[in-house]
Amino acid sequence: MPRRPLRILTWHVHGNYLYYLSQVPHEFWLVTDAQRSSHHSGRSGRLPWGDNVKEAPVEALAQMDFDVVLYQSRHAWETERHTLLSPAQRRLPAIVLEHDPPQEHPTNTRHWAADAPDTLIVHCTHFNALMWDSGASSVQVVEHGVRPLADARYRGERAEGVVVVNNLARRGRRLGADVYATVREQVPLVLVGMNAEAAGGLGEVAHQDLPGFVAERRFFFNPIRYTSLGLSIVEAMMVGAPIVGLATTELATVLRDGETGFVDTRLDRLVDSMRRLLADPGLARSVGEAGRRLAQERFGIGRFVTDWQRVLQTVAG
């Protein structure tokens, strides 16, 4: 790797992911405007940002020096690349980080950075890489890595499940709003996340408080039909909470039903699993501990940092 840290320009898109990414020993410069608007919010929120996370004001951006540009949204790639960056910055090594699977047709959607010369598309799950049509673009996969924000360990004393989804009421079927509504009529569930109140939940829990909140509940339920792999699932696994979720997208490759969690596409089977966990705290603890060991091995921050170092070596070594 270079003798000095790389200066990486990027955007604040997914806060927790960006925090974990900032564990890579380089400088991350975040596009920032005076309004702290969406994707331009800089070092915002209550995450414990390190000194290697810095802000790049939009009015000075074109005169600043960087080594790599890391695009994390279609808008940044198609619009802000041309309106905010200088010609020299547009010629810098480019990485497109794709957080989601296709939102239109699940298999026939052309990725918006497909066939871009000298651009690497990095997917955060193998499912994403499989489903997107990336054309002739170079593709790599870097699976999630998590550094717990609190030293919380599973207790499970509250006989209820916890669901963590932001804006569930607005995001509808894809995020499983109807699944959550159906299941909560049969087992006790508490929903947290941004605007959770609109779906009958409690509201948002601060990032650093969420591990302890999850640790108190008997299980973690993921109602999402179609996504990449929610970081909240991995974070709950790190706590040792048993996971119950739909056997779709990447989650189907992560959990082994009845051993490291409970996954199925039949809601009645999942409800039966939740009832077993509610009735048997010992089962909940053993399954959750198996999931925690799996998460530490597959999604540890050390492996994540190593993988990203390799990616950066590829584009800017």
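Five strands form an open sheet in the order 9-8-10-11-12, and their pairing is parallel. Strands (E, at least two residues) and helices (H or I, at least four residues) are DSSP runs numbered from the N terminus, and two strands pair if DSSP finds at least two bridges between them. Strand 9 (189-192) and strand 12 (262-264) each have a single partner strand, so one side of each lacks a neighbour in the sheet. From one strand to the next, the twist averages 25°; such angles run from 0 to 180 degrees between N-to-C directions, with axes fitted as lines to C-alpha atoms, for helices over the stretch in contact.

The model is predicted: local features need pLDDT of at least 70, side-chain atom pairs count only at pLDDT 80 or more, and totals for chains, interfaces and linings use all residues. Residues are numbered from 1 along each chain as its sequence is written, and side-chain values use heavy atoms, with hydrogens and water left out.

Phe220 stands opposite Ile243 in strand 11. Helix 8 (residues 231-239) packs on this sheet and touches strand 8 (158-164), strand 10 and strand 11, its direction making about 155° with that of strand 10; contact here means heavy atoms within 4.5 Å.

A further open sheet has seven strands in the order 3-2-1-4-5-6-7, again with parallel pairing. Its edge strands, strand 3 (53-57) and strand 7 (138-141), each pair on one side only. Strand 1 and strand 4 (residues 68-71) pair over two bridges, and Val69 in strand 4 is the bridge partner of Leu9. Helix 2 (residues 74-83) packs on the sheet, touching strand 4, strand 5 (94-98) and strand 6 (119-123); its direction makes about 135° with that of strand 4. Helix 12 (residues 301-316) lies across strand 1, strand 4, strand 5, strand 6 and strand 7, at about 145° to strand 5.

Side chains provide another kind of link. Glu27 and Arg7 meet in a salt bridge (3.6 Å, N to O), a term for a side-chain nitrogen of Lys or Arg within 4 Å of a carboxyl oxygen of Asp or Glu. Glu27 lies in strand 2 (residues 27-32) and Arg7 in strand 1 (residues 7-10), 20 residues apart. By this rule, the structure has 22 salt bridges.
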